[in-house]
Amino acid sequence: MIYKKDANFPYPILSSNTFAYDESDFMIRVSFEEDGDLYKFKIQDHLTSEFVQNLLQKGEAQYLLVIQSKDTKFFSLDQNNLQVEIPKNRMSLSSRTSIQMHIVAKTDISFNSNHELNQFYVQLKTSIIVPKFSMLGFSNI
């Protein structure tokens, strides 16, 4: 699923269009090329949250690339290799194809040490525990 509008979550989400984080942001740029029988997507991320970067580095969170065309496909990405190659016979692209990157928890995540949240969450953050497999953030489209 690609989030095109504001979505409500029961906990703070890192996104360009939410205000849960004071100064942090998460955006991507995608370059695309065709190479024989493959589509190649290379992603440049702009992630300014140290809290979320730390989760990715420790393996407590992961990037998930979502490509939505006629159908929707999900690709787990290595933080150090933000690219995916897809055989052309496994995906059809169109002018309406959308791409978004999600950050997903690989374990239960406590927000107690997240010092980037806005003032609303300061007293609540000790009680915020995001369950495994839950969304932590999503990029622009």
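Me: How much space lies in the largest pocket?

Reply: About 190 Å³. Keep in mind that this is a predicted model.

Me: Noted. Which residues are closest to the centre of that pocket?

Reply: Ala7, Asn8, Phe9, Thr18 and Phe19, out of 13 residues that line the largest pocket.

Me: And how does the lining divide into nonpolar, polar and charged?

Reply: Eight residues of the lining are nonpolar, four are polar and one is charged.

Me: OK, switching to the fold. How many helices and strands are there in the protein?

Reply: One helix and nine strands. Starting at the N terminus, the elements go β-β-α-β-β-β-β-β-β-β.

Me: What box do the C-alpha atoms fill?

Reply: Roughly 55 × 30 × 25 Å, taken along the principal axes.

Me: Now the sheets. What's the strand order in the open sheet of three strands?

Reply: S1-S2-S5, and the pairing is antiparallel.

Me: Why is one side of S1 and of S5 left without a neighbour there?

Reply: Strands S1 (26-35) and S5 (83-87) stand at the edges with a single partner strand each, so one side of each has no neighbour in the sheet. On average, neighbouring strands of this sheet are turned by 20 degrees against each other, direction ignored.

Me: How many bridges join S1 to S2?

Reply: Ten, with S1 and S2 (residues 38-47) running antiparallel. As one example, Glu34 has Tyr39 in S2 as its bridge partner.

Me: And what's the order in the open sheet of four strands?

Reply: That one goes S4-S3-S6-S9, with antiparallel pairing. Its edge strands are S4 (72-77) and S9 (135-138), and each of them pairs on one side only. From one strand to the next, the twist averages 30 degrees.

Me: How many bridges are there between S6 and S9?

Reply: Three; S6 (residues 98-105) pairs with S9 in the antiparallel sense. Val104 has Met135 in S9 as its bridge partner.

Me: Where does helix H1 pack, and which strands is it touching?

Reply: H1 (residues 50-57) packs on that four-stranded sheet, where it touches S3 (61-68), S6 and S9.

Me: What angle does the direction of H1 make with that of S3?

Reply: About 95 degrees.

How values were computed. Residues numbered from 1 in each chain as written. Predicted model: local features only at pLDDT ≥ 70, side-chain atom pairs only at ≥ 80, totals over all residues. Heavy atoms only, no water. Pairing = 2+ DSSP bridges. Helix = DSSP H or I, 4+ residues; strand = E, 2+ residues; numbered from the N terminus. Axes fitted to C-alpha atoms, helices over the stretch in contact; angles between N-to-C directions. 1 Å grid on protein atoms, 1.4 Å probe; cavity = no way out; pocket = protein on both sides within 12 Å on 5 of 7 lines; lining within 4 Å. Points joined across faces, edges and corners; volume = space filled by probe spheres on them. Nonpolar A, V, L, I, M, F, W, Y, C, P; charged D, E, K, R; others polar. Contact = heavy atoms within 4.5 Å.
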